[in-house]
Amino acid sequence: MNLWTRLLFACRRRSPWIFHMNSGSCNGCDIELIASLTPRYDAEQLGVLLQGSPRHADILCVTGPVTHTAAPAIHTVYEQVCGPKAVIAIGSCPASTNVFIDSRVLVGPLDKHIPVDVFVPGCPPRPDAIVRGIAAAANILAERRDNAAKAESPATSITNREEARS
């Protein structure tokens, strides 16, 4: 692994960028997520930055149970987040569909559709719990990046360079 890649991994470990997606929630978790970014709870002390595009994010934060209309959008947004990536399910709805469990407009909890790394329980969860969940996801993300960097061996990178030259 070259110096530039190591520097990039070290910087990303300290600054996870998140993308927020509402999949049909009551907006209680959305308000608490935004509150966790304010100076009172200060998620920015971890380097967290809310992004407007999933292509710029490292962590996908999803609130609400998955509805029929949101399921294809969730798959699309999940594929747009560059790897390695982490997913946080904020609130009780994406974990279990909560009080909406018998609703005909739902297609189940979030982990039936995309892999979820961190669940933040609560209805709605407190902002400090959301900050802890983001920190846990950032640690998971850092481990995945370290494992990906270790998997890249010098022999592999030399053969890739030779293929690129020809």
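## Sheet

Two strands pair if DSSP finds at least two bridges between them. Strands (E, at least two residues) and helices (H or I, at least four) are DSSP runs, numbered from the N terminus. By that rule S1 and S3 run parallel, joined by 5 bridges. Asn22 stands opposite Thr63 in S3.

This is a predicted model: local features need pLDDT of at least 70, side-chain atom pairs count only at pLDDT 80 or more, and totals for chains, interfaces and linings use all residues. Residues are numbered from 1 along each chain as its sequence is written, and side-chain values use heavy atoms, leaving out hydrogens and water.

The open sheet has 5 strands in the order S2-S1-S3-S4-S5, with parallel pairing. Strand S2 (49–50) and S5 are the edges; each has a single partner strand, so one side of each lacks a neighbour in the sheet.

## Strand S4

S3 and S4 are parallel and share 5 bridges. Ile59 has Ala86 as its bridge partner in S4. From S3 the chain passes through H3 to S4, a right-handed β-α-β crossover. Right-handed means that, with the strands pointing away from the viewer, the path from the first strand over the helix to the second runs clockwise. On the other pairing, 3 bridges link S4 to S5 in the parallel sense. There Ile88 has Val118 as its bridge partner.

Buried means under 20% relative accessible area, exposed over 50%, partly exposed in between (1.4 Å probe, protein chains only). In S4, 5 of the 5 residues are buried, so the strand is largely enclosed by the rest of the structure. Ala86, Ile88 and Ile90 point one way; Val87 and Ala89 point the other.

## Nonpolar cores

A nonpolar core is a set of buried Ala, Val, Leu, Ile, Met, Phe, Trp, Tyr and Cys residues joined through side-chain atoms within 4.5 Å. The largest has 19 residues; Ile18, Leu33, Ile59, Cys61, Ile88, Ile90 and Ile134 touch the most other members. H5 gives the largest share of this core, 6 residues. Apart from it lies another core of 17 residues, among them Phe19, Val77, Tyr78 and Val116.

## Ser23

Ser23 sits in the loop between strand S1 (17–22) and H2. Ser23 is buried, at 1% relative accessible area. Its side chain reaches the backbone oxygen of Gly64 at 2.8 Å. Leaving aside neighbours within four places in sequence, Ser23 is in contact (heavy atoms within 4.5 Å) with residues including Val62, Thr63, Pro65, Thr67 and Ile74.

Key
A polar contact is a pair of N or O atoms within 3.5 Å; within protein, one must be able to donate a hydrogen and the other to accept it, and residues adjacent in sequence count only if both atoms are side-chain atoms.
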